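The entries follow in the order I looked things up.

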Amino acid sequence: MQGKWINRLLLMPATAWFLVMLVLPLVVVAIFSFGERGAAGGYVPAFTLDQYLNLPARFTAFKNTLLLAPAGTLAALLIAYPLAYFLAVRASPKWKTILLVMVIVPFWTSILIRTYAWIFILGGRGIPTLLEFIGIEGVRLINTPFAVLVGIVYGYLPLMVFPIYVSLEKLDKRLLEASADLGSPPLRTFRQVTLPLSIPGIATGCMLVFILLMGEFLIPALLGGGKVFFIGNALVDLFLQSRNWAYGSAVAATLVIIMLVTVTLYMKLVARVGEQREDVSIL
Amino acid sequence: MPKDYKDNMPISRRKFIEELRRYEKGSVSRRHFLGVTGLGFATAVMAGAVPGLRPRKAYSAGELGDRVVLATWPNYHDEANFSAFTKATGVNVQVNVFGSNEEMLAKLQAGGSGWDVFVPTNYTITTYVGEKLIEPLDLKMIPNYAADAFEPRFADAGTVGGTVYAVPKNWGTTGYVVNTKHTKGKKLTTWKEFWDITKTDFSGRTMVHDYQLTTIGNALKYFGYSFNSVDPKELADAEKLLLEVKPHLFAINSDYQPPLRNGDAWMSMCWTGDGKQLNTDMPEMEYVIGKEGGEIWSDFYAVPKRAEHRAAGYALINFLLDPAVNARETLAHGYPVADSRTNKLLPKELLEDPILYPAQELLDTLEFGAAATLTDPNRAELLARFKSA
């Protein structure tokens, strides 16, 4: 009986936090999304589905987000995996720490400043000028979807590297030896032993990066020149420029629903992969 | 940035700290960040963070408090004036820089802006009054404001229903700036040419503002409609043009100076002072007022309701309206003032500058933005659709 009370007491702060910071705002968003824009902006109470019916007006923003977020996640995975593999399996212990620190160091500076650096790298006097030296002219990088993709992959790479690194680090090296002893060539060992064992890391990394990318607005704003629009940018605009809180809430609620659906599907997929292999049990 | 005397002086300790703060907060170019993210606040100058540098107060301690928060526009003040104010009053000036009136309104509507003074444009003031967001000014606290010294057409918008809610800061025009190195000798004079050349020779090189009033207004001008039109059919025409032009734009962004200076962009919608600053440093940058018309505007100082450092806010407005101080402001930022006392102190060549004071026949075509234009939901949604298209 006493243990139950202690449990409740200890869970109180977390419960209060979630109620005030998560549940309550979501309820407000839900209520606002059925309202109307005030005459000078803001919100006036109403019950209408107009805001949801107007969602197609943000189709491109949803499309950009739903294309570039998975693309960015995939690109980050393809770049991060070899790096994490090298760090966890190949690097000598002496170098490992130094290299790990080097992956973390950029995090000491705000993402805002690092993204600003990319404005100069991708801008007319950056890479395009270098390309002109070798005869490739007229390349424009800044303010294109490609620039945004580069920015998000750069910004979120460490979040992908670390989970994969951790899962590879735990990998029992004797398994690799066993596989080799039994006659597997290195590629097959990788495919049948290393890769399956690192799936928890891949799954976690992809999830982290994907969820954050779905809400991203800073990188598209800075590297897309206001032309490559994510849902995050549409939301900022609706609340801070056109002051249409009702419509903004409807867009936000829709984004939450899309996220719930995609993440649930994703977890199911990962769980199924996990079931097939008893050694992989995650999430 | 205009070259001024400060550029020739070694960086002071305080200036260094200010720059560092700015850098830490990510405002390498503050204006850029603000414009594109719409966040609308990068708190910049925090001289108060360096206690050792606080000057002695001429006012008795605590009379005005130790700080005042000013929400204003980029490149719109002479920082030496703020230092002088701090020296005289002991009040440190904390500056929040914004990219559009919409952002300012959004922030005040959301509540808790924390500003003591801000700088709204003419067409917003009736909305602020209607929404009860600003207070009637206590003119006794602004003795430097002499109503009869100001040209009425730039001062009238501050008075609503016979009550003064805002006093004039600067006025100006919204035209466009074009890098004439790329025009092949062609002289641009109209908004029609602005949009047409964007679709052809200037593809990928043009910038438009990141707010609805001017971007839509100047697209309306392509068809010869009013800058302030809220007519659904006319707005539909403007939207069609904007969507057609969008793939040819370099960016939708009110921070146009950096890309124009480094050569990425060749043309942009532009305010008087930015036109002047760019033209001073790069003579090939020409400031054009479209023959069809466009915007003329007037900015004001106003005090939000429940301002935390109200007395200090009034003291700051009064200080900045001192003609000698105001003249230094204009020399630094290149925006004209409507105050005859200040103009007496300005050099003749500035008062005859065609960028600051365009020819009368050009001025005659310009329109002040209207309150209905600011709050029109269709215009707001049109720009949002254009951006997310």
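**Entry 1: helix H10 of chain A**

I started with H10(A), which has 16 residues and reaches 22 Å from its first C-alpha to its last, close to the 22 Å expected at 1.5 Å a residue. I note here that the model is predicted.

Next I asked which residues of H10(A) are buried. The list holds A:Pro200, A:Gly201, A:Ile202, A:Ala203, A:Thr204, A:Gly205, A:Cys206, A:Val209, A:Phe210, A:Leu213 and A:Met214.

I then picked A:Ile211, which sits in H10(A), residues 199–214. The cut-off for buried is 20 or more.

What does A:Ile211 touch, leaving out residues up to four places away in sequence? I found A:Met259 and A:Val263. A:Ile211 and A:Met259 lie 48 residues apart in sequence, with 7.6 Å between their C-alpha atoms.

**Entry 2: chain A as a whole**

Chain A has 13 helices and zero strands. Its C-alpha atoms fill a box of roughly 75 × 75 × 35 Å along the principal axes. Of the 283 residues in chain A, 36% are buried.

I also checked the sequence separation of its contacts. In chain A, 71% of the contacts with a separation of 6 or more join residues 24 or more positions apart.

Helix H12 of chain A, residues 231–240, is mostly covered, with 10 of its 10 residues buried. Among them are A:Ile231, A:Asn233, A:Asp237 and A:Phe239.

**Entry 3: a positive phi in chain A**

I looked up A:Asn143. Its phi is near 65°, a positive value in a residue other than glycine. A:Asn143 lies in the loop between helix H6 (127–133) and helix H7 (145–169) of chain A. Why does A:Asn143 count as buried? The reason is its 28 C-beta neighbours inside 10 Å.

**Entry 4: chain B as a whole**

I moved to the other chain. Chain B has 18 helices and 12 strands. Buried residues make up 53% of its 389 residues. For contacts with a separation of 6 or more in chain B, 78% are between residues 24 or more positions apart.

I found a positive phi here too. B:Lys132 is not a glycine, yet its phi is about 55°. B:Lys132 is in the loop between H5 and helix H6 (152–155) of chain B. B:Lys132 has 8 C-beta neighbours inside 10 Å and therefore counts as exposed.

**Entry 5: a helix pair in chain B**

I checked how helix H7 (residues 191–199) and helix H8 (residues 212–222) of chain B meet. Their axes come within 8 Å and cross at roughly 100°. H7(B) and H8(B) are therefore roughly perpendicular to each other. H7(B) makes the contact with B:Trp191, B:Lys192 and B:Trp195, and H8(B) with B:Asn218, B:Lys221 and B:Tyr222. By class, this contact of H7(B) with H8(B) has three nonpolar, one polar and two charged residues.

**Entry 6: the two domains of chain B**

I took the bounds from the domain assignment. Chain B has domain 1 (5–171 + 298–350) and domain 2 (172–296 + 358–388). Their contact takes 22 residues from domain 1 and 18 residues from domain 2. On the domain 1 side, H2, H4, H5 and strand E6 (166–179) of chain B give two or more residues each. H2(B) has the largest share of that side, with four residues. By class, the domain 1 side has five nonpolar, 15 polar and two charged residues.

**Entry 7: chain B against chain A**

I finished with the contact between the chains. How many residues does each chain give? Chain B gives 36 residues and chain A gives 36 residues. On the chain B side, helix H2 (30–37), helix H4 (101–110), helix H5 (125–130), strand E8 (249–252) and helix H18 (377–388) each supply at least two residues. H18(B) gives the most to this side, with seven residues. I sorted the chain B side by class: it has 13 nonpolar, 14 polar and nine charged residues.

Key:
Residues numbered from 1 in each chain as written. Chains lettered and ligands numbered in written order. Predicted model: local features only at pLDDT ≥ 70, side-chain atom pairs only at ≥ 80, totals over all residues. Axes fitted to C-alpha atoms, helices over the stretch in contact; angles between N-to-C directions. Parallel < 35°, antiparallel > 145°, perpendicular 65-115°, else oblique. Contact = placed C-beta atoms within 7 Å. Nonpolar A, V, L, I, M, F, W, Y, C, P; charged D, E, K, R; others polar. Domains from an automatic or database assignment. Buried ≥ 20, exposed ≤ 12 C-beta atoms within 10 Å, placed from the backbone. Expected span 1.5 Å × (residues − 1).
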